Amino acid sequence: MYQFEAPSGCKTTNSLIALVPELGNANVHIKNQKFVEQAIRTMMKDAHHKLQVVADFDWTLTTHSKNGKTCSTTHSVLEESPVMPDYFKVEATKLKDHYLPIEFDHSLTIEEKIPKMIEWWTKGHELLVSCKLSREALTNIVANSNARLRDGCKDFFDELHNLDIPILIFSAGIGDIIHLAITQQANFYRENMKIVSNFLKFDEQGVIVGFENELIHTFNKNENAIHSSDYFFNIRHRENLLLMGDSIGDLRMAEGADHVLCMLKIGFLNFKVAENLDHYMDKFDIVIVEDESLKVVNSLMKTILGA
């Protein structure tokens with residue numbers, strides 16, 4: 001992995017802004033500008049031939065809020081739906097109120113958080129299965145939800161597809177809802193996309209009876225079967241990686257890509273900016289604060305791809 005050093009906290013360099021003007025926006029924060037500039041120039045040299053993308057879904061490819069209202073994640077799509085039974089909403093809210101503060105508690109290590117995340121996801125999945133929801137009902141719930149792809153996300157997907165750049169969407173959410181949201185809002189799901197998430201299991205009548213494969217939660221995205229599969233091996237010639245996430249746990253999504261030589265980590269900080277910005281800047285190369293679009297990412301892609 002390329003390593004460059006520069007004084008931390010310095011003003012974004014003119015040469016970096018010249019490369020990608022949006023990186024000079026007030027809501028964009030970069031701790032090591034020299035590294036970011038050198039990584040961008042490396043990716044520009046290699047263009048689309050060596051590029052791959054790994055992205056989280058909830059509040060990364062989707063908006064965190066719109067018109068002052070928090071938008072749904074793949075889990076809260078269900079919690080907020082009038083179709084779901086009241087007991088589901090009550091119990092799901094109790095689980096969130098108990099476990100969400102643990103997920104974002106900086107005083108706890110990831111190792112300390114993992115058992116609690118397993119408890120949360122397991123209980124939440126069992127609660128969903130108890131509702132005996134049909135595939136048709138799920139499709140309608142997603143269509144009527146306020147989960148929304150970020151402005152510019154369809155353009156982002158289009159560019160990746162046009163240049164056959166692989167994108168791995170790695171989510172601790174519900175894979176079926178991700179697939180539905182993309183097909184309903186972006187009007188396609190392409191062969192260059194792969195979703196790794198918690199996928200539902202349906203019976204012959206199309207009713208949810210469980211979940212497929214192993215559990216994926218916020219902090220085990222480096223342990224999932226994708227990292228022991230042939231996904232990263234098959235694209236080992238793609239040595240440049242753009243990683244996008246909104247959680248510190250998302251940084252582990254690409255640990256199986258051991259062939260990668262140059263990686264840019266983009267973090268979306270959607271809320272509690274004052275208490276989290278320094279922490280995010282320590283972990284992500286580029287931090288985008290309270291922005292409901294992919295304008296910065298699309299500008300970066302335009303530069304890298306010479307579009």
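Ala 55 is buried, with a relative accessible area of 0%; buried means under 20% relative accessible area, exposed over 50% and partly exposed in between, using a 1.4 Å probe and protein chains only. The model you are looking at is predicted, so local features need pLDDT of at least 70 and side-chain atom pairs count only at pLDDT 80 or more, while totals for chains, interfaces and linings use all residues. Residues are numbered from 1 along each chain as its sequence is written, and side-chain values use heavy atoms, with hydrogens and water left out.

**Around Ala 55**

- Ala 55 belongs to strand S2, which covers residues 51-55; helices (H or I, at least four residues) and strands (E, at least two) are DSSP runs, numbered from the N terminus.
- Beyond its neighbours within four places in sequence, Ala 55 is in contact with Leu 61, Leu 168, Ile 169, Phe 170, Met 244 and Met 253, where contact means heavy atoms within 4.5 Å.
- Phe 211 lies 156 residues from Ala 55 along the chain, and the C-alpha atoms of the two are separated by 22 Å.

**Strands and their crossover**

- Strand S5 spans residues 167-174 and is mostly covered, with eight of its eight residues buried.
- S2 and S5 run parallel and are joined by three bridges; two strands pair if DSSP finds at least two bridges between them.
- Ile 169 in S5 is the bridge partner of Ala 55.
- S5 also runs parallel to strand S6 (residues 193-198), with five bridges joining them.
- Val 196 in S6 is the bridge partner of Phe 170.
- From S5 the chain passes through helix H8 (residues 175-185) to S6, in a right-handed β-α-β crossover; right-handed means that, with the strands pointing away from the viewer, the path from the first strand over the helix to the second runs clockwise.

**Aromatic rings**

- Across the whole structure, a search finds seven aromatic pairs; rings of Phe, Tyr and Trp (its six-membered ring) pair if their centres lie within 6.5 Å, and planes under 30 degrees apart count as stacked, over 60 as edge-to-face and the rest as tilted.
- Tyr 231 and Phe 232 form an edge-to-face pair because their ring centres are 5.2 Å apart and their planes are at 75°.
- Tyr 231 and Phe 232 are both buried.
- Trp 59, Phe 104 and Phe 271 are linked into a cluster by ring pairs.

**Charges over rings**

- The charged end of Arg 135 sits over the ring of Phe 202, 3.9 Å from its centre; this term applies if NZ of Lys or CZ of Arg is within 6 Å of the ring centre and within 35 degrees of the ring normal.
- Over the ring of Phe 233 sits the charged end of Arg 236, 4.0 Å from the ring's centre.
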